[in-house]
Protein chains: 2
Amino acid sequence: MRDAYHRQLEAVGQDLATMAGFAGAALAKASKALCEADLATAQTVIRVDEALDYLGAGLDERTVDLLACQQPVASDLRTLMAALRMSADLERMGDLAVHVAKIARRRHPECAVPQALAPTVEAMGRTGVELAGKVAGIITSRDAAAARSLAVADDEVDRLHRELLTALLDGRVVYPVETAIDLALIGRFYERFADHAVSLARSLDFAVTGEAARPRPPA
Amino acid sequence: MRDAYHRQLEAVGQDLATMAGFAGAALAKASKALCEADLATAQTVIRVDEALDYLGAGLDERTVDLLACQQPVASDLRTLMAALRMSADLERMGDLAVHVAKIARRRHPECAVPQALAPTVEAMGRTGVELAGKVAGIITSRDAAAARSLAVADDEVDRLHRELLTALLDGRVVYPVETAIDLALIGRFYERFADHAVSLARSLDFAVTGEAARPRPPA
């Protein structure tokens, strides 16, 4: 009985790592679709996201069943609670990749990203994909220290996001309103993707150590 | 023992309803700050959000304690699981109100919203505040039918969001890049606020009925 239970717990972790792989793949494809105005690749992002949602829903169902039937305590309870939050983060990461892909699709056959801004957008995409890879790694290793250090890569996305907005606004090129809207949203989607990776890392840290970052009381 | 437990369960519901009230108040203030370029009101949004985060963190801690100590099953387990998701949605709604307020603050003493677009932005704000009010209502009433009907008001926000983007792009007025960026983000923040209200309504429906909307397997 207990053995089956521990296999089920392990399967939860494996599914989360698989979901992180899917989220990273979705963002990599979305970035390619965006920067190369590649319609076929944009369409595949939507299919990867459907697989991610399906995996997430199945995982949530099994996690709630485990909570109900096994009545876990302490570390196992924290792990299952954290799994629900992490699967929600990973599903949102997939959704955000879809949002990026949909901008690529809407502008096709034109490219949504002006050439001068492409290096910054590509760097945001790459950093997001790297974050998803790190997330998959810490889910597997359950390494709390690595989870905490993940916040640094998030700073890089924030820096690139500021760089993108500065370039849009510096006045040397006056971009059309449509481009400004697309780029404002694209920057936001990459930033949120990274935020969810950091949030997931915090949940994992909580699952492993039992310590949650708690906001201070308002003054 | 059981009586104390049921009082604690009730307190979870009351705190969630209070949080929904805070989220609605934060968005109402943020919309006022935005449309009237009112710096003092923008600052108060950040304070309301801090109170909301503090309430949410305390609620999550007590919910996890209840799960660990009381080992609830069936409806109570669903209620506590849903409470964690709902508090996460409400915290995000507060964050999004802060994002709106920060745009108002960044553009002060100018107004971020051009006069021609103000009616649409104001309507988005009003609809979001109404949604937060409905959310507080269904948390208190635990009315699953009302929770399901909440998705309709979300359609209204989506319609207003499209109206805003169409007005930005119709070419009759060529807006500066800065305005286009601000409005693209503002529209997105209101839309996400509404999405979280709908997501919360789904969690409540699940808590009450035990039925979760499940994505279909990918083809």
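**Entry 1**

I started in chain B, where Pro109(B) sits in the loop between H3 and helix H4 (118-141). His108(B) and Pro109(B) are joined by a cis peptide bond, with omega about 5°. This is a predicted model, so I kept an eye on confidence throughout.

I then turned to chain A. Pro109(A) lies in the loop between helix H3 (74-107) and H4 of chain A. The peptide bond from His108(A) to Pro109(A) is cis, and its omega is near 5°. I noted these bonds because most peptide bonds are trans.

**Entry 2: a backbone angle in chain A**

Next I looked at Gln71(A). I found this residue in the loop between helix H2 (39-70) and H3 of chain A. I wrote it down because most residues other than glycine have a negative phi.

**Entry 3: confidence**

How far does the predictor trust chain A? I read an average pLDDT of 93 for chain A. I also read that 96% of its residues score at least 70. Which helix of chain A has the lowest confidence, and which the highest? The lowest is helix H6 (residues 151-169) of chain A, at a mean of 90. The highest is helix H4 (residues 118-141) of chain A, at 97. For the complex, I noted an ipTM of 0.89 and a pTM of 0.93.

**Entry 4: how the two chains are related**

I laid chain A on chain B.

**Entry 5: H3 against H3**

I followed H3 across to the other chain. H3(A) and H3(B) pack at an angle of about 45°, and their axes are 11 Å apart. That angle makes H3(A) oblique to H3(B). I logged the crossing of H3(A) and H3(B) as right-handed.

Which residues make this contact? From H3(A) I listed Met81(A), Leu84(A), Arg85(A), Ser87(A) and Ala88(A). From H3(B) I listed Met81(B), Leu84(B), Arg85(B), Ser87(B) and Ala88(B). Sorted by class, the residues of this contact are 6 nonpolar, 2 polar and 2 charged.

**Entry 6: H7 of chain A against H6 of chain B**

I looked at another pair of helices from the two chains. Helix H7 (residues 177-209) of chain A packs with helix H6 (residues 151-169) of chain B at an angle of about 140°, with the axes 9 Å apart. That makes H7(A) oblique to H6(B). Their crossing is right-handed.

I picked out the residues on each side. Val177(A), Glu178(A) and Ile181(A) come from H7(A), and they meet Leu165(B), Leu168(B) and Leu169(B) of H6(B). The class count for this contact is 5 nonpolar, no polar and 1 charged residues.

**Entry 7: a pair within chain B**

Last, I stayed inside one chain. Helix H2 (residues 39-70) of chain B and helix H3 (residues 74-107) of chain B pack at about 165°, with their axes 9 Å apart. How do H2(B) and H3(B) run, roughly parallel or roughly antiparallel? They are roughly antiparallel to each other. I noted the crossing of H2(B) and H3(B) as left-handed.

Technical notes. Residues numbered from 1 in each chain as written. Chains lettered and ligands numbered in written order. Predicted model: local features only at pLDDT ≥ 70, side-chain atom pairs only at ≥ 80, totals over all residues. Heavy atoms only, no water. Axes fitted to C-alpha atoms, helices over the stretch in contact; angles between N-to-C directions. Helix = DSSP H or I, 4+ residues; strand = E, 2+ residues; numbered from the N terminus. Parallel < 35°, antiparallel > 145°, perpendicular 65-115°, else oblique. Left-handed = near helix turned anticlockwise from the far one by under 90°. pLDDT = per-residue confidence, 0-100. Contact = heavy atoms within 4.5 Å. Nonpolar A, V, L, I, M, F, W, Y, C, P; charged D, E, K, R; others polar.
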